[in-house]
Amino acid sequence: GSLIEQLTTEKYECMVCCEVVRIVAPVWSCQNCYHVFHLNCIKKWARSPASQAEDGNSGWRCPACQNASVQVPKTYTCFCGKVQNPEWNRNEIPHSCGELCGKKRQGLDCPHLCNILCHPGPCPSCPAFVTKTCECGQTSHSVRCGQSTKIHCSNVCGNTLNCGKHSCTQVCHAGKCSPCQLTVQQVCYCGSNFKEVLCGSKEEFSDGFGSFSCQNICGKKLNCGRHNCKQVCHPQPCQLCPRLPQVVYRCPCGQTPLSKLLELGCVERKICTDPIPSCGKTCGKPLSCGSYEFVHTCESLCHEGDCKPCSHTSNIYCRCGFKKKVSDLGELSFFLIAAITFMCDKRCNKKRSCGRHKCNEVCCVDTEHKCSLVCGRKLNCGLHRCEEPCHRGSCQTCWQTSFDELTCYCGESVIYPPVPCGTQPPECKKTCTRPHDCDHPVYHSCHSEEKCPPCTYLTQKWCMGKHEVKLYSTHTEQLGTDKFVKSSFRLLSMGDCSPCVTCYPSRRALAPKSWVLIRELSPTQLYIYVLSQMKSTTFFFRIAAISIATKLTDLQLGDSVEISRLITKKEMKQARLQCDEECLALQRNRRLAEALEIDDNSDPFNIRSSGPKYSDLLKEDARKDIKFVSDIEKEMRMLVEAVNKGKHAKKSHCYPPMNRDHRRIIHELAQVYGIESVSYDNEPKRNVVITAVKGKSICPSNTLTSVLDKEMQSRPAPPLPHYKQTDKSSGNSGLSKPLKEEPVIDYFDVQD
């Protein structure tokens, strides 16, 4: 009724175009939801990709109910589908033919067709009345046609149950009757066992006496009346006695007929209890322990009854096959012997699938050796451990996530959730707001560490003798007098080169007796100073010198070396570095610079620009292999020029593996050129990689080869080598070869 009113008053809208459906416009009506659409709109919708069904094979979907249809509508028909292109009549429903509908009502068990005029929407219920019976079929009632409700009476069903013996006792009900719930007692075939089952349950086979097999030995008397049935419980009747004379035709082993034995004088059997004559041959029956390939037979003489156990033995292996045992076969079958295994005490030494743990299983038969332990290694966050089974390779990233904001200490920088576990607090460029021990200005940024870096604010302080004012950083003052004060620019030595020795008469008492503080030296002079102070040349002190030399790098960085266990207290007092001429010159220059107020970074006397300073040891090594040094310098200059002219901030070069002397030359030349040098790999494939940094690496004005050439030109000519005059009578004429010097072993070759 609502559809008819809206279509007649032109108030119904098409769901596709959202326009009013006119009474003269061609339309299409869905047979599932009965919505009305413009015919052209539904055609366009059916061809669009959005209308396709999800599976792609069911056609297109209705815009209203999503019911899938295969065919696309092409013609304009009335609601009942009888007339194409129906004409509009003022006295009829729009888009109808004006005739009886005649459609079959959907979903109802009604044989009558719709008897109203062609209409939109579903057909009304059938007005006819029919007579229907109840579920049990005993009573009948007059109901509306197509009524879905079922009729139930108050009578007992009474239909025969599945057993065929009893009737249904339920009140009139729908569907089939329930199985019979009464229990009956059944007896087995041999009559020794009983069981209760539901009436009508399936029976195995009934022989008139029993209904099932109890799987026990029958035990009934056979027809001979002397022996019992040895078969499993079976339907009657039992078989004949197997020992009757008319049944037995051969000896017990089956090799000789009884007729031949009777000819040889054996007594003829009359009843089943008479013994069966023996042929006297070997029995030869196959035993149960044999196999298809190796059959074991009975070795006794022809006999009645069961054969004796097998006398052979068999090898039984453990699960892993490492050990074996010899076992008597006896009454065991071959297949039972094959199934019997035992476990040895050998533990598996193979690695598990993780590659970390050993299997250690006793008598292991596993091929994959999967590790059942938990990995337990720390994840990349550093807080949690891997909970996966032990595995190879790296663990997965920590899956735990925080949904709280992660901020810096001051709260200016924020990382919004979700925040993966292990994420560091964000960097903040604001000044640190933590409370500090001093009141000096703060110059460092906000940080996540709990402890702030040392205060770098410079303060002035008089020396103990009130002679001069020195600049000290706050963190240097806080170190106290019981420790060594490490300056940022130069290490203080224990010699007379201290700026104010008179102010510190007890300076030596401040240092522990078991420590030696070595001042900053050049790489080629540091170990020479250490060795020069050791007056003893015993093997013990050579070991001490080598121990100090192995930490040259740490000494150059300002660390100290404990040598109290290597030398005595008396020699400890002698192990004190004395100031040399270079140290005194540096002290004098420093005092002059302070008096003239000259900046340390300035170069008024053009000392630094005069060229690099090469050590004597480096020059001596270069003279031995001048071509090698020339090639190294050429490559370093090319690398520095390339990085300074190029776009990259760094550039590296890898040298081939070489011996220790050549690597030391490269390291010392790299310091002169301002190039970083690192050694990699182990002997004999140890090599050096140099890296030039833009703005830091420089090309010196005087190369090492040019310096050596100038020194060679300024030196006088070397004397001729001395040759020893030999006696002609000795058989050797001419001059002998110059004497060779013994090579000097350098125990401090630890440059790289």
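**Close-up views of a predicted model**

**View 1. Pro 237 is situated in the loop that connects strand E8 (194-198) with helix H3 (258-263).** The model shown here and in the following views is predicted. Gln 236 and Pro 237 are joined by a cis peptide bond, with omega at about 0°.

**View 2. A cis peptide bond runs from Pro 417 to Pro 418.** Its omega is near 0°. Pro 418 belongs to the loop between strand E13 (414-415) and strand E14 (419-420).

**View 3. Gln 66, although not a glycine, has a positive phi.** The phi angle is about 65°. Gln 66 is placed in the loop between strand E3 (60-61) and strand E4 (68-69). With a relative accessibility of 39%, this residue counts as partly exposed.

**View 4. Ser 29 of strand E1 (residues 27-29) is buried.** The relative accessibility of Ser 29 is 13%. When residues up to four places away in sequence are not counted, Ser 29 touches Tyr 34, His 35, Val 36 and Phe 79.

**View 5. Helix H12 (residues 616-624) and helix H14 (residues 660-673) cross at roughly 130°.** Their axes come within 11 Å, and the two helices are therefore oblique to each other. The crossing of H12 and H14 is left-handed. H12 contributes Leu 617, Leu 618 and Asp 621 to the contact, while H14 contributes Arg 664, Ile 665, Glu 668 and Leu 669. Of the residues in this contact, four are nonpolar, three are charged and none is polar.

**View 6. Three strands form an open sheet with antiparallel pairing, in the order E19-E21-E20.** Strand E19 (650-654) and strand E20 (676-680) each have a single partner strand and stand at the edges, so one side of each is left without a neighbour in the sheet. On average, neighbouring strands are turned by 20° against each other, direction ignored. Five bridges link E20 to strand E21 (residues 687-693) in the antiparallel sense; Tyr 680 has Asn 687 of E21 as its bridge partner.

**View 7. Helices H13 and H14 pack against strands of the sheet.** Helix H13 (residues 626-645) lies across E19 and E21 and runs at about 155° to E19. H14 touches E20 and E21, and its direction makes about 155° with that of E20.

Technical notes
Residues are numbered from 1 along each chain as its sequence is written. This is a predicted model: local features need pLDDT of at least 70, side-chain atom pairs count only at pLDDT 80 or more; totals for chains, interfaces and linings use all residues. Side-chain values use heavy atoms; hydrogens and water are left out. Axes are lines fitted to C-alpha atoms, for helices over the stretch in contact, and angles run from 0 to 180 degrees between N-to-C directions. Helices (H or I, at least four residues) and strands (E, at least two) are DSSP runs, numbered from the N terminus. Angles under 35 degrees count as roughly parallel, over 145 as roughly antiparallel, 65 to 115 as roughly perpendicular and the rest as oblique. A crossing is left-handed if the near helix is turned anticlockwise from the far one by less than a right angle, and right-handed if clockwise. Contact means heavy atoms within 4.5 Å. Ala, Val, Leu, Ile, Met, Phe, Trp, Tyr, Cys and Pro count as nonpolar, Asp, Glu, Lys and Arg as charged, and the others, Gly among them, as polar. Two strands pair if DSSP finds at least two bridges between them. Buried means under 20% relative accessible area, exposed over 50%, partly exposed in between (1.4 Å probe, protein chains only).
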